[in-house]
Every structure is written in structure tokens, then in C-alpha cells.
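Student: Could we look at this one together? I'd like to go through it by question and answer.

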Amino acid sequence: MFVGIVLLLATAEVWAELVVVVNARSGVAAMSRNEVINIFFGRNRQFFNGIEAQPVDLVDSHPDRGRFYSALVGKDLADINAYWSRQVFSGRLQSPPKMRTSEEALKWIVSQPGGIGFIELAKADARVRVVYELQP
Amino acid sequence: MLDAGNISKPGLIHRVFSCLAGALLIGLAQHSLADDAPAFMLQGFGTLGAVRTTSNEVEFVRDLSQPRGASQNWDARVDSILGLQANWRISPQLEAVVQAVSRYRYDRTFTPELSWAYLKYEPSPNLSLRAGRLGTEFFMMADSRLVGYSFLTVRPPGDFFWSLPFYNIDGADAALTVPVGDHLLRGKLFYGISHGQIALAQKQWNIDGSEMAGGYVDYQAGAWLFRASYANLRFKHDLPIEDVLQSYLPQPFAAQAIEHLGTGNTRSHYYSLGAIYDSGPWQLQLMLNHCDQGSNAFESSDAGYVLAGYRIGSVTPFLGYSWASSETRGNTLNPVVAMIMADAHVDQKTSIVGARWDLLRNIALKAQWDGIRGEPTSIFPYRQETAGWSGKMDVFSLTMDFVF
């Protein structure tokens, strides 16, 4: 029984891991870490099949945002915001829209042909496909 | 020599975009298009800064568009900046942007100026075409020099950027991104007419109408970014030194000197290489440039810097080193001309030590020491130099940078 509880806790941790998901109908299967970075930092705005990538982010106050960028590039949110201020004020890009909850982010991903975002594995449903798992 | 009253063609474009900006701001309120991002956004950035040096023999400026600078007393003009930007997404592929900046400028005021005012059209997601007033990207990060929140140091290393007092052009640019495996190749080309004034002693040098063209190629490989860039500038006007020359030199020599020091119709070339590593707690930058000045009034120069920052919690201490040196020209004709030409000389190295503290969301505090060690002949980067200038001084800077 003790072993059972330990296994259950370990599984619970896995379900709380963050994964990158895309709209299941986008035609995108798996992505490499660099590809994910290029999309979320707005450097590459298209998937390999030509569909425009539409990344969605979370607000700073949502704990998943800090966890995501820390796991993806090892950066603090201040560095991410500094990066976007450079893009915005040199007229290059706007940052991805920021949702207040994971549910809103999921709704966005499903509503855009090239929707891509990050979410806890437990919250991903059949309308999205997992393309990358973040290593903590 | 002061052209403040003329409405040149760039000035007309300026007025058209000012009206556009006014219309955007008055007519539109923030609203959403279904679940998309808002169509209209107002954002801004700024810096409150204070700087002092250990020398009263020169005045330290952020760049050569500033007529006066800091010496042994704390000075809040040099680094304090406020910028406001309005973005209007007209359609998924078309966007209009207007940005105005207020900073200490050539006429000693903080009069706001239009820094960006353009239409952007994206026929495909990785291709961007812009036309209007655009920031110039002669060197990496040159088009975001005023956004303190976006970089590590208090100000972009002066040694690297002294030779670049111009910030924007009225023209067009095109940028294309091409994936190469999971790396990216990016290229940009730009062309336009510069405008503006550069403070020179008590006068202003009008750089309106000078044509600029250039481009760069970037390669993003994971945490590394490499860039090679080239730009070309053909000055339209001469320096406002004609009356100085006429009053100090007898006639045949004055005319000869005016011709010798002419900048109108001369061409300057700017070459640059850069490498940035950005991953985890590390930020490393290396930049090199070479400027080939086509007139006798300016000296060709080489400059560069290295910078390393390492984040520890909410503080990022950094260490940097920059250098700039220019080649003295041989034929100085006579002592008056020689003195004017000596004004263009730079020969110095700077050590930089500081830290950035990300205090709150969207606010950063920075403290920095610059140890400038150069020759007494290195006077190009400064204002109001006296004969007692030793070429060496320390600069202490404190800034608060924010975005909203």
C-alpha cells in the first residue's frame, strides 16, 4: 500500500508536468526544443507545413508561465519580458496574447488553425496534440 | 546653417504620420476582435537616470546627438528618456505603428520626436515589409538603443556606438526569415533618407536628406545568434563650420579648407560583426565594427565590445570591456583645419562593471561604473573638452528602467 501511494504521487507529478500542445488539426506532430523556442520567441512564425504559428502565453502571475520559460530556456520572466520589450519597441513583433487561465489558453489553441501553447499534461484533451515535453 | 524652418520632403512625411497618429489615438479605444489580441495597443518605455564623472575637463554624453553632458555633478539629462508607442492592427497582415520619444536632444530640450511611424505589411508570416519612419539597424540592437529595459547595461556601450548618431530614416525595409533545420537564417535590407540634427559646439549639423542603405544577415543556432551587417551613408550637407573657417583663415586658405573639410556628397561605410549567447543565467555579447569615413572631417575607426552577464536570483551582475580607435589623417593643411580635424579623433578603452536588479515586474534598477582610459587626444565622444583633458575618467551611473 505504501508503494502504491508512492507510485500514485509519482504519477501525479507526471500529470503536472508542462507540455507544449498544438491544435490537433494543424498537422504538426513532434517538435524539437529549438523549434519550440523559435516559435514562442516569435523568431519563426510558420510551422514546417506553412501554417502560421499562433502562440499563446499566460499572464506573469500564473505560476505555469515562470515554470515554462525556466524549463525551456532557463530564463527568468524578467529576461523574457526584456526580450519582448526589444521586439515591441523596435517595431518587429508583438508578444503572444496572454491568457489568465490554462482553460482560456486551451480555448485559444483550439480556435486558431496554428494555435500552440503550453499546459499541464493533465489538462490536455483530444482537441490538442502534445508536440514537446518539457524537461524540468 | 540652421535649417529649423524648412519643410523638406521628410518633414512632410513627418506631418502626415503625426496626423495619422493623432487620428489613431483620438478615434480608437481598446477593443477585441473576437478572441484575438486587441486591435489597438498603447505601450511605453522609459528611463530615469543620473550620471556623474570624475572629470570637469569634458562632458560625458550618451551619444553625439546631445549637446551637453555630465561632469563632476550628477546629471539627469543624459540618460532620462520617455517613449510612447501606439500599434494598430488593421488586418491580420497590416499594421500601423507610431512611436514618439522624449529625450535630451540637440537643441537642449526634451521636445518629443517621432521615432517610428510606419505601415507594416506581412504577405506571409516570415516576410515583413515596412515603409515610413523606421529605426536603423546599422549594428545589432541599434534600433532599440533607447529602451533601457531591453538590455543589460545602463546604456549601449558608447565606444561601439559613438560613430552612429543617427537613429532613423524615412524609407522602407524588408525582412525575411528562413528556417534551416531547427536553426534560422534571417536577412534584412533597408533604404531611406535620414533626417535630424547633430549638435556640434554651438551649432547643429543638419543631416537631413542624407541617403542610407544597408542590410544584414543573422544566423540563429539555438542559444547563439550571429550577425554580419553593412550600411552605407551619403551625407548631403557640409558641417556648419564655414564661418569659423572664414573668420580664422585668409581667403584662399579659407576656401581651400572649406573644400578639404566638406562632407556633402561624401560616403561612409559601416561594417559590423556580432555574436550573442543567451541561455540560462548567461548572457554573452561580442560586437565589432569598422567605419570607413569618406570625408576628411571624420576619421575612419574600429571599435568593439565584449559583455558578460550572469543572473543570480533577481540580480544580474555584468562585466564588459569596450574600445574605440580612429586613424589620424595626414594632411591637415594648416593649424585651424588641424584643430577641427582633431575633434574627430577617438582612442580609448573602457572597463564596465555593474548590475541590473529586476526589482518588480517591468521595472529594473541598474548601477554601473565605466573606467575610461584613453589618450588625451581622444575627444570625439565628448562635449566641451578643455586643454586639461587627460583621456582618463570614471563614470558612475544609476538608472531605473521601466516598460508599461
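Student: In S6(A), which residue is the bridge partner of A:Val21?
Tutor: Happy to start there! This is a predicted model, in which local features need pLDDT of at least 70, side-chain atom pairs count only at pLDDT 80 or more, and totals for chains, interfaces and linings use all residues. Residues are numbered from 1 along each chain as its sequence is written, while chains are lettered from A and ligands numbered from 1 in the order in which they are written. Strand S1 (residues 18–23) of chain A runs antiparallel to S6(A), with 5 bridges between them, and the partner of A:Val21 there is A:Val130.

Student: What is the strand order in the open sheet of chain A?
Tutor: Strands (E, at least two residues) and helices (H or I, at least four) are DSSP runs numbered from the N terminus, and two strands pair if DSSP finds at least two bridges between them. The sheet has 4 strands with mixed pairing. Its edge strands, S2 (54–55) and S6 (128–133), each pair on one side only. The order is S2-S5-S1-S6.

Student: At about what angle does helix H5 of chain A run to S5(A)?
Tutor: Axes are lines fitted to C-alpha atoms, for helices over the stretch in contact, with angles from 0 to 180 degrees between N-to-C directions. Contact means that C-beta atoms, placed from the backbone, lie within 7 Å. Helix H5 (residues 102–111) lies across S1, S5 and S6 of chain A, and its angle to S5(A) is about 150°.

Student: Is A:Val19 buried, partly exposed or exposed?
Tutor: A:Val19 is found in strand S1 of chain A, and among the residues it touches are A:Phe118, A:Val130 and A:Tyr132. A residue is buried if 20 or more other C-beta atoms, placed from the backbone, lie within 10 Å of its own, exposed if 12 or fewer, and partly exposed in between. Because A:Val19 has 19 other C-beta atoms within 10 Å, it is partly exposed.

Student: Which helix gives the most to the side of chain A that touches chain B?
Tutor: Here 26 residues of chain A are in contact with 34 residues of chain B. Helix H2 (33–40), helix H4 (77–89) and H5 of chain A each supply at least two residues of that side. With 7 residues, the one that gives the most is H4(A).

Student: Where in chain B is confidence highest?
Tutor: The predictor's confidence in each residue is pLDDT, from 0 to 100, and its mean over chain B is 87. Helix H1 (residues 9–27) of chain B is lowest, at a mean of 51. The highest, at 97, is strand S18 (residues 363–374) of chain B.

Key
Two residues are in contact if their C-beta atoms, placed from the backbone, lie within 7 Å. Lists of a residue's contacts leave out its neighbours within four places in sequence.
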